[in-house]
Amino acid sequence: MEKKNILVVFGTRPEVIKLAPVILELRKYPDKYNVIVCNTEQQKELSNQTLAYFGLNADINLNVMRENQSLIGVQTRILQELDKVYTEHKVDATIVQGDTMTVLCGALASFYNKIPVFHVEAGLRSYDIYEPFPEEVMRQMTSRVAELHFAPTLINKEALLKENIDEKKIHVVGNTVIDALFCLSDETMKKASDFYKEKDIKIDDKLVLITAHRRENHGERIDRIIEAIKMLVTRHKDHTFVIPVHPNPNVKNKIHERLGNYENVKLLTPLDYPYLVYLMKNAKLILTDSGGIQEEAPSFGCPTLVMRYETERQEGIDAGVSTLVGADYDKIVHLSEKILSDTRENTRLKASNPYGNGTSAKQIEFIIEEYFLKQTAAR
């Protein structure tokens, strides 16, 4: 097989976490692939911070974000900058992951240049175009132009088949986020432990991890979520509530103003990937609206309440490792109480992680090689 130039495009921390195992796997075969890493820097600090953890650097940084940028504005900037990338580099395939603006723009720019798109984490669907917004539409649109669909689960494959995607292009490989978890060394976990000791944050069997940042939870929803957290914090003063606060001012300001004065609430800046994993590993309960955490938490047996009304990760709900609570004050408080009033040992989940076993990147590399070999044979 002739050596192929693979452009990997990402812009946010979750994309880095889930694509790092793929980049590292492809780079094991320098005779087969030249991997070009492109960071749109949709989340500039978070994405670069996480890249460094995996020992990776971007070959191309696009620096697209501007303060208070509209969705149309950021889409325009990413497409314009990616157009230059395709003009300046010979690319044989583009890899994108998930459902961000970067994913959609990477897929569109590649399609406009008639270059095949390989979509990691394909087939997630909520079937509500405003939940999550705008991600549901972005991943559906990406599926229309992708050449290879790397679906985490059979449910995702079925969703793609219903949309008339050719079954030969769909491959169920598990989720690469589980591969990323297995990259964590004992030394890395020790550094994470020391990090929390330095901040005087007690990590024990009464730890609650909370993350909230999604666009659809801004406004009144974040108000209800914060009120529910305040109730839990007041009732369970012997528990430590750790909240890595997203930098978006719609979230950050309200959380600091209304939760910052409680002794058992620890507000942190966004965490490096291993530090967040350390919290998940030790948490008694997780409250989140994050997609990635829904996939990662089952590996540690941690009950997870998902503060969204719809989820494209239905496998976790079906397996009983996650529960949808939306921004419903009563549900958040009631279901959290059931867990917090019991011991961590008694509330551990027994089900295995429905999202993968840590071999996704190896499978993806094999399928990509087969794809190019078939292309060569067909000529």
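Biologist: Why is Lys 362 called partly exposed?

Modeller: This is a predicted model, and the value computed for Lys 362 is a relative accessibility of 46%. Buried means under 20% and exposed means over 50%, with partly exposed in between. Lys 362, at 46%, therefore counts as partly exposed.

Biologist: What makes Lys 362 and Glu 25 a salt bridge?

Modeller: The closest N and O atoms of Lys 362 and Glu 25 are 3.9 Å apart. The rule asks for a side-chain nitrogen of Lys or Arg within 4 Å of a carboxyl oxygen of Asp or Glu, so the pair qualifies. The two partners come from distant parts of the chain: Lys 362 sits in helix α16 and Glu 25 in helix α1 (residues 13-26), 337 residues apart.

Biologist: Which other residue forms a salt bridge with Glu 25?

Modeller: Lys 28 does, and there the closest N and O atoms are 3.0 Å apart.

Biologist: Is Glu 25 buried or exposed?

Modeller: Glu 25 has a relative accessibility of 7%. The cut-off for buried is under 20%, so Glu 25 is buried.

Biologist: How do you know that Arg 235 and Glu 337 tie together parts separated in sequence?

Modeller: Start with the contact: Arg 235 forms a salt bridge with Glu 337, with the closest N and O atoms 3.0 Å apart. Arg 235 lies in helix α9 (residues 220-235) and Glu 337 in helix α14 (residues 329-340), so this pair joins parts that are 102 residues apart in sequence. Glu 337 has 17% relative accessibility, which means that Glu 337 is buried, as the cut-off is under 20%.

Biologist: How many salt bridges does the structure hold?

Modeller: The structure holds 26 salt bridges. Some residues are linked in a network of salt bridges: Asp 223, Glu 227, Lys 230, Lys 254 and Arg 258.

Biologist: Now the backbone. What makes Lys 114 and Asp 200 worth a look?

Modeller: Lys 114 has a positive phi of about 55° although it is not a glycine. Asp 200, also a residue other than glycine, has a positive phi near 60°. Lys 114 is in the loop between α4 (101-112) and β5, while Asp 200 is in the loop between α8 (186-198) and β8 (207-211).

Biologist: Why is Lys 114 called exposed?

Modeller: Lys 114 has a relative accessible area of 80%, and exposed means over 50%, so Lys 114 passes. Asp 200 has 64%, so Asp 200 is exposed by that cut-off too.

Biologist: Where are the cis peptide bonds?

Modeller: One joins Glu 131 and Pro 132, with omega about 0°. Another joins Phe 133 and Pro 134, again with omega about 0°. Pro 132 is in the loop between β5 (117-120) and α5, and Pro 134 is found in the loop between β5 and α5 as well.

Biologist: How many cavities of 30 Å³ or more does a search of the whole structure find?

Modeller: The search finds one. The largest cavity has a volume of about 40 Å³. Its lining has three nonpolar, three polar and four charged residues, and Leu 124, Asn 156 and Arg 313 are among them.

Biologist: Which helix gives the largest share of the lining of the second largest pocket?

Modeller: Helix α16 (residues 360-378) does, with six residues. That pocket holds about 240 Å³ of space, and its lining divides into four nonpolar, two polar and five charged residues. Among the lining residues are Glu 147, His 171, Phe 366 and Tyr 371.

Conventions
Residues numbered from 1 in each chain as written. Predicted model: local features only at pLDDT ≥ 70, side-chain atom pairs only at ≥ 80, totals over all residues. Heavy atoms only, no water. 1 Å grid on protein atoms, 1.4 Å probe; cavity = no way out; pocket = protein on both sides within 12 Å on 5 of 7 lines; lining within 4 Å. Points joined across faces, edges and corners; volume = space filled by probe spheres on them. Helix = DSSP H or I, 4+ residues; strand = E, 2+ residues; numbered from the N terminus. Nonpolar A, V, L, I, M, F, W, Y, C, P; charged D, E, K, R; others polar. Buried < 20%, exposed > 50% of the residue type's maximum accessible area, 1.4 Å probe, protein only.
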